[in-house]
Amino acid sequence: MARLPTTTDVFNAVAEPGRRDIVNLLAQGERSVNEIVDALDMKQPQVSKHLRVLKEVGLVSVRGAGQQRLYRLNGASLKPIHDWIKPFEHLWNERLDRLAGYLEEMKRQEHTGE
Amino acid sequence: MNDPTSITIAADEPTIVITREFDAPRRLVFAAWTQPEHVRYWYGPSYLTFTVCQIDLRPGGRWRYVLRAPDGGEHGFGGEYREITPPERLVYTEGYEAMPGHDYLVTLTFDEQDGKTTLTSRGVYQSFADRDGHVGSGMEGGMRETLQRLSEHLHAMKGETR
């Protein structure tokens with residue numbers, strides 16, 4: 001029987017920027033759902049959904065009960081994937097920041113009838 | 001803490017999806033993206049200069065950007081327009097001139113609500129290797145093996161074998 005491509009599990013866990021943000025935050029230490037919600041300015045149902053995916057893959061574990069549940073990143077390092085994606089994210093973020101600034105200039109020029 | 005630019009690199013298809021919201025009507029965003037006199041101002045980082053910025057905006061028309069680095073090296077990108085539906089949609093091929101044969105298809109959609117525009121860029125690559133290589137070096141071979149070992153390790157920790 002052919003083995004399933006296991007790399008897609010970890011990859012899928014970090015394919016989305018929201019989950020990458022949670023992983024990067026948990027790399028700094030344990031957090032509760034509310035702490036993650038506040039730190040990342042994400043909605044709680046979305047955070048919970050991401051945590052479920054990350055738990056499914058085994059990237060995060062949880063201890064405690066009820067409101068006091070604390071999530072932590074499991075031992076293994078995701079630094080290679082972080083290093084791989086970061087420059088690409090940076091390039092596009094900077095490029096689209098420049099576009100945003102340029103659009104402000106276009107609006108100004110329209111307004112003054114140039 | 002969140003970047004305003006959202007980048008999704010799917011595990012199950014060779015795509016990159018980039019999304020961002022702009023505080024401007026889509027006709028301006030579309031113009032900024034399709035007229036060379038605008039593109040020159042924002043597309044490249046400040047340490048690269050445009051030596052070529054050509055856009056022939058019609059189905060089958062070609063576009064070409066060449067950017068020069070401080071060391072004199074030039075980087076060329078180009079492709080062909082497939083669909084042009086101003087101000088809402090633009091579909092074109094794109095490739096890096098130094099590496100022919102690995103072109104990808106980009107679909108840009110411009111959705112406007114209350115004067116703000118959500119730009120979505122969906123790039124579809126010919127293979128995972130092409131997609132991963134475009135994101136950055138390190139994903140071929142070595143990194144995939146690393147992820148494989150990591151995934152097996154995580155499953156073993158959970159008491160599963162996959």
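Helices, in what follows, are DSSP runs of H or I with at least four residues, and strands are DSSP runs of E with at least two, numbered from the N terminus. With that convention, B:V29 lies in helix α1 of chain B, residues 26-34.

Before I continue, a word on conventions. This is a predicted model, in which local features need pLDDT of at least 70 and side-chain atom pairs count only at pLDDT 80 or more, while totals for chains, interfaces and linings use all residues. Residues are numbered from 1 along each chain as its sequence is written, chains are lettered from A and ligands numbered from 1 in the order in which they are written, and side-chain values use heavy atoms, with hydrogens and water left out.

Let me stay with B:V29. Its relative accessible area is 0%, so B:V29 is buried; the term means under 20% relative accessible area, with exposed meaning over 50% and partly exposed in between, for a 1.4 Å probe and protein chains only. Setting aside residues up to four places away in sequence, B:V29 touches B:F22, B:A24, B:F110 and B:T117, and also A:L103 of the other chain. Contact here means heavy atoms within 4.5 Å.

A:L103 leads us to the core. The largest nonpolar core has 70 residues, and those with the most contacts inside it are A:I22, A:W84, A:L103 and B:W33. Such a core is a set of buried Ala, Val, Leu, Ile, Met, Phe, Trp, Tyr and Cys residues joined through side-chain atoms within 4.5 Å. Its largest share, ten residues, comes from α5(A). In soluble globular proteins, nonpolar side chains tend to be buried together.

I turn to the interface. How much area do chain A and chain B bury between them? The value is about 4,600 Å², of which 65% is on carbon and sulfur atoms; buried area is the accessible area (1.4 Å probe) that two parts lose on being put together, summed over both. A:W84, A:F88 and A:Y102 supply 16% of the area that chain A buries against chain B, more than any other three residues. The contact takes 47 residues from chain A and 52 residues from chain B.

Beyond its neighbours within four places in sequence, A:W84 is in contact with A:F11 and with several residues of chain B, including B:I9, B:D132, B:V135 and B:M143.

Next, the charged pairs. A salt bridge is a side-chain nitrogen of Lys or Arg within 4 Å of a carboxyl oxygen of Asp or Glu. The whole structure has 18 salt bridges over all chains, and the count between chain A and chain B is three. A:D97 forms a salt bridge with B:R20, with the closest N and O atoms 2.7 Å apart.

Within chain A, A:R108 and A:E105 are joined by a salt bridge at 3.0 Å, N to O. Why are A:R108 and A:E105 separated by about one helical turn? The reason is that they are three residues apart in helix α5 of chain A. A:R108 counts as partly exposed at 48% relative accessibility, and A:E105 is partly exposed at 30%.

A:R19 and A:E16 also form a salt bridge, at 3.5 Å, N to O. Here A:R19 counts as buried, at 6% relative accessibility, whereas A:E16 is partly exposed at 27%.

In chain B, the salt bridge of B:D56 with B:R58 has its closest N and O atoms 3.0 Å apart. Finally, salt bridges that share partners join A:E104, A:K107, B:D23 and B:K116 into one network.
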